[in-house]
Amino acid sequence: MMGQIFPWKSGNRFELLIDGPQFFPTMLTAIARAEHQVALELYLVEDGRCSQALVDALCVAAARGVRVRCLFDDFGCLKLGAVLRERLVEAGVMLQFYNPLRWRRGFSNLYRDHRKILVVDDRQAFIGGTGSTNEFWDPSQETSRWHEVMVAIEGPLVAHWQLIFDYQWLASLGRRPWKPGEAPGLAHLPPYPAVGEGLGRLAYADANQHRDIVRSLVRSIRTARNRVWLATPYFLPSWKVRRALIKAARRGVEVRLLLTSRHTDHPPVRFAGQRYYPRLLRAGVRIFEYQQRFLHLKMVLADDWVSVGSCNFDHWNLRFNLEANLEALDPNFTLAVDACMRQDFSDSREITMDDWHARPLMKRLRQRLWGWLDRLVVNLLDRRR
Ligand SMILES: O=P(O)(O)OC[C@H](O)CO
């Protein structure tokens, strides 16, 4: 089923915030200044200093009469203990968990809310790839263990982020299950407007019911003339995305992938994704593995078009998850993303065909094993549909 699609809006302001020590204090300040409402939707929320600071800010806001709603993913919150949960509820924060895990629900447990959205009043939204864990921000440390970005948004687009949160909030309450077809907006992916200051759009996915986020990505890769730079921590792209990347590289577009090195929380996912390297390299795609820390950000630059947010564009995400990205065609924002990615490429090691042929036996075995398992599970899931 195809859901409705959000249009482009001009008159916005976007600021790229790089790493937790920059974006978390900014988000907490915004919550501290909230006058009417705070809406927070997150996948990963775990006990620790980061979540304590976040819960403090939310409780203070609720105590002074601000309407505070938190929609957290139930699986992503497995490491969020009773103490912080109870503090939120006692302070008057409205707290819901998306798709609570139940053994008897079987495969339905795979459906997860992977969005990362903070909306404050009707004036500011923060979107990107963060969770609330010490890896993203430890207030006692100057740097973060995981490399991530968030975008601060002001302007008309804030209303769309509010809308997508509100729909999901109501759906999770069970009062009015949201089908994407009910969302206001367009029936088809809108054509690209000319680049302009403050131009942006919300793209989203609702598991396999709605995927304008990936259709838009594929279109941007297909129409790119100069470059496609794609960063993701979990590189398991669908066949359509892989094919679009290969075709773009073959027609002379500079295609670069920014992926994780051994600094990753899920080595099997990395090994499974590496099986795609040789075909991509042969087509002329350049592959960079980020060396400094765990690269967790999800960001794409296709010529001037930017897509940034929660979506890893992997076949797992797109089957089961709620996702939301900001797409922008704003010259200053593009420059900021360009600078961020250039820095990351320079902090990476480029993988060549020679490296691929020279990889040790153990690595070959792991790539085979995890690649085979990934393919097997995908085939089984496809058989169910
Ligand atoms: O699913 P992501 O991309 O938000 O990442 C979350 C953590 O990696 C879970 O291990």
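Residues 109-136 are 0% helix and 39% strand, with the end C-alpha atoms 26 Å apart. Helices (H or I, at least four residues) and strands (E, at least two) are DSSP runs, numbered from the N terminus. An unreviewed UniProt entry lists this stretch as "domain: PLD phosphodiesterase". UniProt positions follow the numbering used here, feature names are shortened, and annotations may be inferred rather than shown by experiment.

This is a predicted model: local features need pLDDT of at least 70, side-chain atom pairs count only at pLDDT 80 or more, and totals for chains, interfaces and linings use all residues. Residues are numbered from 1 along each chain as its sequence is written, and side-chain values use heavy atoms, leaving out hydrogens and water.

**Salt bridges**

The whole structure holds 17 salt bridges. The term means a side-chain nitrogen of Lys or Arg within 4 Å of a carboxyl oxygen of Asp or Glu.

| Pair | N to O distance |
|---|---|
| Arg293 and Asp19 | 3.1 Å |
| Arg49 and Asp138 | 2.8 Å |
| Arg270 and Glu289 | 3.1 Å |

Arg293 and Asp19 form a salt bridge. Arg293 sits in the loop between strands E14 (286-290) and E15 (294-295), and Asp19 in the loop between strand E1 (13-18) and helix H1 (20-32), so the pair ties together parts 274 residues apart in sequence. Asp19 is buried, at 12% relative accessible area. Buried means under 20%, exposed over 50%, and partly exposed in between (1.4 Å probe, protein chains only).

Arg49 pairs with Asp138. Arg49 belongs to helix H2 (residues 49-63), while Asp138 is in the loop between strands E7 (124-128) and E8 (146-147), 89 residues apart. Arg49 is partly exposed at 42% relative accessible area. Asp138 is buried at 5%.

Arg270 pairs with Glu289.

Arg201, Asp212 and Glu327 are linked in a network of salt bridges.

**Positive patch**

Arg215, Arg222, Lys240, Lys247, Arg250, Arg279 and Arg282 form a positive surface patch. Patch residues have over 30% relative accessible area and no salt bridge; like charges are joined within 9 Å, nonpolar side chains (Val, Leu, Ile, Met, Phe, Trp, Tyr) within 5 Å. Helices H5 (212-223), H6 (239-250) and H8 (277-283) each supply at least two of the patch residues. H6 gives the largest share, three residues. Arg222 lies in H5 and is partly exposed, at 48% relative accessibility.

Key. Areas by Shrake-Rupley, 256 points an atom, 1.4 Å probe, with all protein chains shown as cover. Lys, Arg positive; Asp, Glu negative; His and termini not counted. Charge placed at Lys NZ, Arg CZ, Asp CG, Glu CD.
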